[in-house]
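Hello,

Here is the structure I promised to pass on.

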Amino acid sequence: MKHLRFILPFALLCLATVAVAQHEMQTSATKPQSDAQKSFTELKSLAGTWHGPVTVDPPQPDMKSGEPAQISLRVTSRGNALVHEMKAPTKSDDPTKYDHPVTMFYLDNDRLTLVHYCDAGNRPRMVAKTSPAGKTVEFDFVDVSGSTDYGNMYHAVFTTIDANHHIEDWIYMMPGNKPVHARMDLTRAQ
C-alpha cells in the first residue's frame, strides 16, 4: 500500500505532461505563427557551434579586428529558450578570467526577447523586430539591470545567410554613449 503513495503522484504528473504536450501540439497546429515565433524558429535553426573572425569598429585595446570568435547556440527548456555563448577559442576556457558572455532568447507572450548576461556585470534586455524576408532579426534595447559603469550591450542583429553561415552584429555602448560595433562573420563548425 505504501508504494501507491509514490506511484499515484508520479502517474498524475505523467498524465499532466502528456495533456500539456497534446494541447500545445493542437494549439500550434491550428494557430498561425506570429512574426516573433517565426523569428525565434529561425534563430533556433542556428543551434550548433560557429567560428569566425570579429571586426571591431572603432578598434579596442582588448579586442582587435580579425581575432577569432567561437559561438555556441543551444536550444533548451523544451524549445522555449535558446542559449548563446561567446568566447575566444584562443583563450583558456575559464569564464572567471576571460570573457564568456551568455545571452538567452525566449518568447515573452508575442515578443521575442533577448537578455544578455554581460561580463561587464549587467543584464541588458532587448526586444526583436523582424525583416519581411525573415532572415534578419534585429534587437532593440529596452532596459538594463545592474551597473553600467563599464558600458552595456545595446543592440544586436542576427542575419542568416544559409544553414552554414550567419552574421552577428553587436553594438556595445561604452561610458559616455560611445558605441563600439562588433561584427562576427560565422561559419558552422558543428
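N152 is buried, with a relative accessible area of 9%; buried means under 20%, exposed over 50% and partly exposed in between, using a 1.4 Å probe and protein chains only. N152 sits in strand β8, residues 152-162. Helices (H or I, at least four residues) and strands (E, at least two) are DSSP runs numbered from the N terminus. Leaving out residues up to four places away in sequence, N152 touches N122, F141, V144, I171, Y172 and M173, where a contact means heavy atoms within 4.5 Å.

Before going further, please keep in mind that this is a predicted model: local features need pLDDT of at least 70, side-chain atom pairs count only at pLDDT 80 or more, and totals for chains, interfaces and linings use all residues. Residues are numbered from 1 along each chain as its sequence is written, and side-chain values use heavy atoms, with hydrogens and water left out.

T160 also belongs to strand β8, and at 9% relative accessibility T160 counts as buried. The side chains of T160 and E42 are joined by a polar contact of 3.0 Å. That term stands for a pair of N or O atoms within 3.5 Å; within protein, one must be able to donate a hydrogen and the other to accept it, and residues adjacent in sequence count only if both atoms are side-chain atoms. Apart from neighbours within four places in sequence, T160 is in contact with E42, L46, K135, H165 and H166.

E42 leads us to helix α2 (residues 35-44), whose buried residues are A36, S39, F40, E42 and L43. Seen down the axis of α2, these buried residues fall within an arc of 160 degrees, so they line one face of the helix; the arc is that of the directions from the helix axis to the C-beta atoms. They pack against β3 (81-87), β4, β5 (111-117), β6 (122-130), β7 and β8.

Now to the largest nonpolar core, which has 28 residues; L43, F105, F139, W170 and M184 touch the most other members. Such a core is a set of buried Ala, Val, Leu, Ile, Met, Phe, Trp, Tyr and Cys residues joined through side-chain atoms within 4.5 Å. Strand β10 (residues 178-188) gives the most to this core, with 4 residues.

Rings of Phe, Tyr and Trp (its six-membered ring) pair if their centres lie within 6.5 Å; planes under 30 degrees apart count as stacked, over 60 as edge-to-face and the rest as tilted. The ring centres of F105 and F139 are 5.6 Å apart and the planes are at 55 degrees, so this pair is tilted. F105 lies in strand β4 (residues 102-108) and F139 in strand β7 (residues 136-146), so the pair ties together parts that are 34 residues apart in sequence. F139 also forms an edge-to-face pair with F158, at 6.2 Å centre to centre and 85 degrees between the planes. F105, F139, F158 and W170 form one aromatic cluster.

As for the whole protein chain, there are 2 helices and 10 strands, and buried residues make up 31% of its 190 residues.

Best wishes
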